[in-house]
Amino acid sequence: MAFFSSTNPTSVATSSSTSGDKDIEVTEPPSDSISTLSFSSQADYLAVGSWDNSVRIYEVGTQGQTQGKAMYQHQGPVLSTCWNKDGNKIFSGGADNAGRMFDVTTGQATQVAQHDAPVKVVKWIETPQMGILATGSWDKTIKYWDIRSQNPVATVQLPERCYTLDVQYPVLAVGTAERHIQIFNLNNPTTPYKTITSPLKWQTRIISCFTASQNSGFAVGSVEGRVAIQYVEDSESSNNFSFKCHRRDANPNTKDQALVYAVNDISFHPVHGTFSTCGADGTIHFWDKDARTRLKSFEAAPAPIACSAFNRTGSIFAYAVAYDWSKGHSGMTPGLPNKVMLHACKDEEVRKRPRK
């Protein structure tokens, strides 16, 4: 574990940029592209994973001021982070094929999972009996881990490489290469409850489950600037729909050509059940799926928004301005911004609209 050097956190009041409702930049960001953001479920602590092989933990103050609290390393780029329910452990997965755990109370990092290829996603599952770590990998498996044991309690073979995975107990939804989507009931975690082909025509980028207060389902985002809302049960299939987003007219004079950008992340608001999308076009949108309407849009940056996360109360929306690797290695040009921003959510931006 290493502590950051900064002892002077930046706050809204001292920010030299502009007014108090401007988004706040997190101090001392990672030195390479940011791949993952996750807030603790117990306090305003933010874990940030990066291509510089590190996971950094920041404390966010009441005025948006931030202070680096701890940092630990992988032996390759970090691709995913999550917290346990108690907020005292952080889990991360990386291109070193390992899942690691950082104990906030002791400051110790240990390896708790192993795959044969990069670990693309880590998710903590709080079951009625115990907590389990799920890891999804490019080795075409999901593994479930009791972190007290060196071996997985179960391994699930996937049809293809795991690109994205999310959990809202008892539902686990995973998106793989070749547009496969598998849905698991965690009461029977090794056998798919349902297997479908993505309703979107191009590569799946992100799957995000609805919040616990809503009927079981998930949102899917793809590289083609589309999102699909998908319910688990066939009885609710009439509520499934998809829509375009993160697109721009290539020529303002003609509407038949569009510049299309990847949907990099989808985050659901923990209170209202609305959701955000962020894309390679540098924009962020807040949506109400039930009213099928857009609540807010903002141009966040002249660079991709790589990932996002709401805090536990939904009052803070964090997003990373960073290269998202959507154009491969050739797109990683010098001078690209690399920063984490904090947006103070206004109620009217995230609250559901009355259904028409």
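Predicted model: local features only at pLDDT ≥ 70, side-chain atom pairs only at ≥ 80, totals over all residues.

Residues are numbered from 1 along each chain as its sequence is written, and side-chain values use heavy atoms, with hydrogens and water left out.

Asparagine 53 is partly exposed at a relative accessible area of 22%; here buried means under 20% relative accessible area, exposed means over 50%, and partly exposed is in between, for a 1.4 Å probe and protein chains only. Another is arginine 292, whose phi is about 50 degrees, and arginine 292 belongs to the loop between β26 and β27.

Arginine 292 also lies over the face of phenylalanine 241, at 4.0 Å from the ring centre. By the rule used here, a charge sits over a ring if NZ of Lys or CZ of Arg is within 6 Å of the ring centre and within 35 degrees of the ring normal. Lysine 289 is placed in this way over phenylalanine 210, at 4.4 Å from the ring centre.

Let me turn to charged pairs. Side chains of opposite charge can pair when their charged atoms come close. How many salt bridges does a search of the whole structure find? It finds 15, a salt bridge being a side-chain nitrogen of Lys or Arg within 4 Å of a carboxyl oxygen of Asp or Glu.

Aspartate 52 forms a salt bridge with arginine 56, and their closest N and O atoms are 2.9 Å apart. Aspartate 52 is buried, with a relative accessible area of 17%, and arginine 56 is buried too, at 11%. In another salt bridge, arginine 100 meets aspartate 96 at 3.0 Å, N to O; arginine 100 is buried at 13%, and aspartate 96 is buried at 16%.

A further salt bridge joins aspartate 290 and lysine 352, with the closest N and O atoms 2.4 Å apart. This pair links distant parts of the chain, 62 residues apart, since aspartate 290 is in the loop between β26 (283-288) and β27 (293-299), and lysine 352 is in the segment after α1 (347-350). Lysine 352 counts as partly exposed, at 31% relative accessibility. With Lys289, the residues Asp290 and Lys352 are linked in a network of salt bridges.

Next come the aromatic rings. A pair of aromatic rings is described by the distance of the centres and the angle of the planes. Rings of Phe, Tyr and Trp (its six-membered ring) pair if their centres lie within 6.5 Å, and planes under 30 degrees apart count as stacked, over 60 as edge-to-face and the rest as tilted. The count by this rule comes to 13 aromatic pairs. In one of these, the rings of phenylalanine 286 and phenylalanine 310 have centres 6.0 Å apart and planes at 45 degrees, so the pair is tilted. The two residues are 24 apart in the chain, with phenylalanine 286 in strand β26 and phenylalanine 310 in strand β28 (residues 305-310), and both are buried. Ring pairs also join Phe286, Phe298, Phe310, Phe317 and Tyr319 into a cluster.

Finally, the cysteines. The structure holds zero disulfides, a disulfide being a pair of cysteine sulfur atoms within 2.5 Å. Cysteine 162 is in no disulfide, and the nearest cysteine sulfur, that of cysteine 209, is 12 Å away; cysteine 162 is buried, with a relative accessible area of 0%.

Notes. Helix = DSSP H or I, 4+ residues; strand = E, 2+ residues; numbered from the N terminus.
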